[in-house]
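Student: Could you walk me through reading this structure, one feature at a time?
Tutor: Gladly; have a look first.

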Amino acid sequence: MDGIFDFGGALSQQLVGLPTAYSFLDARNAETWRRLKKANIQFAFGTAQGAPVALRIAAMKLSRATKDPAFAMQSITRNAAALAGATDVGAIVPGAYADLVLWSGHPLDATSRLKSTMVSGMTVYRANPLEEK
């Protein structure tokens, strides 16, 4: 995977797919991600064999490195759908299919907790309500 570091300049205006296993964050990756973002390169993370939570962790690390949570969220939603060739998922827009996840805060905030999940318009998971204090 060092190719993205070595050939980043040739990827300007492109969509780059990265496996979540590649999302370890060290100083070299953080700086490279900042430079690639500055070159208008879009990221898309995927989990070929990983757990779905790996997507959130990868986006959290990208958000931290680029200081742009919206850019990072797109790496696991709209951009991932585009890389897969899907045009009717990945964004909340008219005509798109949407499975929704409701968080207690921003999804890329590590303190946010899963509250509810909807699939095909039906709630399939709901966390126990927290007691009011």
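Student: Where in the chain is confidence lowest, and where is it highest?
Tutor: The score to read is pLDDT, the predictor's confidence in each residue, from 0 to 100. Confidence is lowest in helix α1 (residues 3–6), with a mean of 50, and highest in helix α4 (residues 69–76), at 93. The chain averages a pLDDT of 80, and 80% of the residues score at least 70. This is a predicted model, in which local features need pLDDT of at least 70 and side-chain atom pairs count only at pLDDT 80 or more, while totals for chains, interfaces and linings use all residues. Residues are numbered from 1 along each chain as its sequence is written, and side-chain values use heavy atoms, leaving out hydrogens and water.

Student: In what order do the three strands of the open sheet come?
Tutor: Helices (H or I, at least four residues) and strands (E, at least two) are DSSP runs, numbered from the N terminus, and two strands pair if DSSP finds at least two bridges between them. Here the order is β3-β4-β5, with antiparallel pairing. β3 (100–103) and β5 (122–126) stand at the edges, each with a single partner strand, so one side of each has no neighbour in the sheet. Four bridges join β3 to β4 (residues 114–119); V101 has T117 in β4 as its bridge partner.

Student: Which residues make the nonpolar surface patch?
Tutor: A patch takes residues with over 30% relative accessible area and no salt bridge; nonpolar side chains (Val, Leu, Ile, Met, Phe, Trp, Tyr) are joined within 5 Å, like charges within 9 Å. Areas come from the Shrake-Rupley method with a 1.4 Å probe, and for residues only the protein chains shown count as cover. V101, L114, V119, M122, V124 and Y125 make a patch of about 530 Å². β5 gives the most, with three residues.

Student: Is V124 buried or exposed?
Tutor: Buried means under 20% relative accessible area, exposed over 50%, and partly exposed in between (1.4 Å probe, protein chains only). V124, in strand β5, is exposed at 55%. L62 in helix α3 (residues 53–66) is buried at 0%.

Student: How many salt bridges are there?
Tutor: The rule asks for a side-chain nitrogen of Lys or Arg within 4 Å of a carboxyl oxygen of Asp or Glu, and the count comes to three. D68 meets K37 at 3.2 Å, N to O. D68 lies in the loop between α3 and α4 and K37 in helix α2, so this pair ties together parts 31 residues apart in sequence.
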